[in-house]
Amino acid sequence: MSVNYSVRYASNPEDVKDYGTERLRDDFLIEDLFVEGEINMVYSFYGRQIVGGAKPGSTALKLETIEPLKANFFLERRELGVINVGEPGIVKVGDIEYEIDYKEAIYVGLGEEEVSFHQKDGHQPLLYFNSAPAHKAYPTKKVSQDDAEIVELGSLETANHRVIRKLIVNSIVDTCQLQMGMTQLETGSVWNTMPAHVHNRRMEAYFYFEVPDEQAVCHFMGEPDNTRHIWMKNNQAVLSPPWSIHCGSGTSNYTFIWAMNGENLDYGDMDHVEIKDLR
């Protein structure tokens with residue numbers, strides 16, 4: 001099959017306190033998203049969000065339904081967000097082809113029966129996607145870097161100078177609950193989302209890329225007073241439960257994609273954790 005999936009069940013935060021390294025990685029880390037000629041995805045019981053990646057070869061890859069959805073087609077009851085982290089590619093929705101370049105995004109709404117991923121002129125796209133349950137059909141929309149809502153935060157002095165580009169958010173795209181964007185760390189900065197935060201209203205997935213060879217990112221999770229960590233490489237994703245802090249630090253600067261779904265579309269709805277209170 002060209003479409004592969006696994007299922008990750010939700011964990012009680014009290015149980016996670018007793019997890020060792022391998023259990024943490026098995027439950028939360030997503031390592032091999034991009035395999036040539038395949039679509040790989042994880043169906044998570046955190047918000048029933050799906051995290052996936054497509055690496056089309058000379059033959060297009062069709063986004064087919066998977067057994068846990070009990071659906072006639074993938075987007076029968078879902079919406080989809082895609083961001084290209086590779087060379088130029090094409091996302092075809094119905095009969096329309098959308099050319100998606102590096103760091104560009106596309107939103108695809110509920111009810112679209114035919115979605116497929118293609119190379120463009122022999123280039124190799126890496127199409128990272130997230131999907132969440134949807135209650136209303138909104139139109140497909142491509143989002144370029146120029147369309148993004150941009151926020152600059154942090155400073156070099158605290159090693160967290162970063163630029164946030166909101167791509168699939170309700171100020172730019174009509175969505176039911178899915179939100180996606182990317183945060184780029186400037187040279188000399190390594191901390192993302194610091195100070196850390198939690199938001200019990202929404203789950204989140206992080207995808208780390210532009211991590212240089214022989215460098216790594218340490219992703220932090222867990223309750224604020226009982227934290228855990230997972231070491232990650234380039235082009236890997238991690239699930240962040242609603243009760244968990246969301247932050248990470250690299251051995252160099254990097255970029256990550258954040259994707260959320262849950263109770264509301266207010267990007268700023270988060271409960272900040274003071275650095276002095278982390279344990």
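Which residues line the largest cavity? I put this to a predicted model, and the answer I noted is P13, V16, K17, G222, E223, N226, R228 and W243.

**Entry: the cavity.** I searched the whole structure for cavities of 30 Å³ or more and found one. I then looked up the space in the largest cavity, which comes to about 40 Å³. Turning to the elements around it, I noted that α1 (13–16), β19 (217–223) and β20 (226–232) each give at least two residues to the lining. Sorting that lining by class, I recorded three nonpolar, two polar and three charged residues.

**Entry: the chain as a whole.** I next looked up the secondary structure of the protein chain, and wrote down two helices and 24 strands. For the extent of the C-alpha trace along its principal axes, I noted a span of about 55 × 40 × 35 Å.

**Entry: burial, contacts and surface.** Of the 279 residues of the protein chain, I found that 55% count as buried. I also checked the contacts between residues at least 6 apart in sequence, and saw that 71% of these join residues at least 24 apart. Last, I looked up the accessible surface of the protein chain, which is about 12,000 Å², with 45% of that area belonging to carbon and sulfur atoms.

Definitions and conventions: Residues are numbered from 1 along each chain as its sequence is written. This is a predicted model: local features need pLDDT of at least 70, side-chain atom pairs count only at pLDDT 80 or more; totals for chains, interfaces and linings use all residues. Side-chain values use heavy atoms; hydrogens and water are left out. On a 1 Å grid over the protein atoms alone, a cavity is a set of points where a 1.4 Å probe fits but cannot get out, and a pocket is an open set with protein on both sides within 12 Å along at least five of seven lines; lining residues have an atom within 4 Å of a point. Grid points are joined across faces, edges and corners, and a volume is the space filled by probe spheres set on the points. Helices (H or I, at least four residues) and strands (E, at least two) are DSSP runs, numbered from the N terminus. Ala, Val, Leu, Ile, Met, Phe, Trp, Tyr, Cys and Pro count as nonpolar, Asp, Glu, Lys and Arg as charged, and the others, Gly among them, as polar. Buried means under 20% relative accessible area, exposed over 50%, partly exposed in between (1.4 Å probe, protein chains only). Contact means heavy atoms within 4.5 Å. Accessible areas come from the Shrake-Rupley method with a 1.4 Å probe; for residues, only the protein chains shown count as cover.
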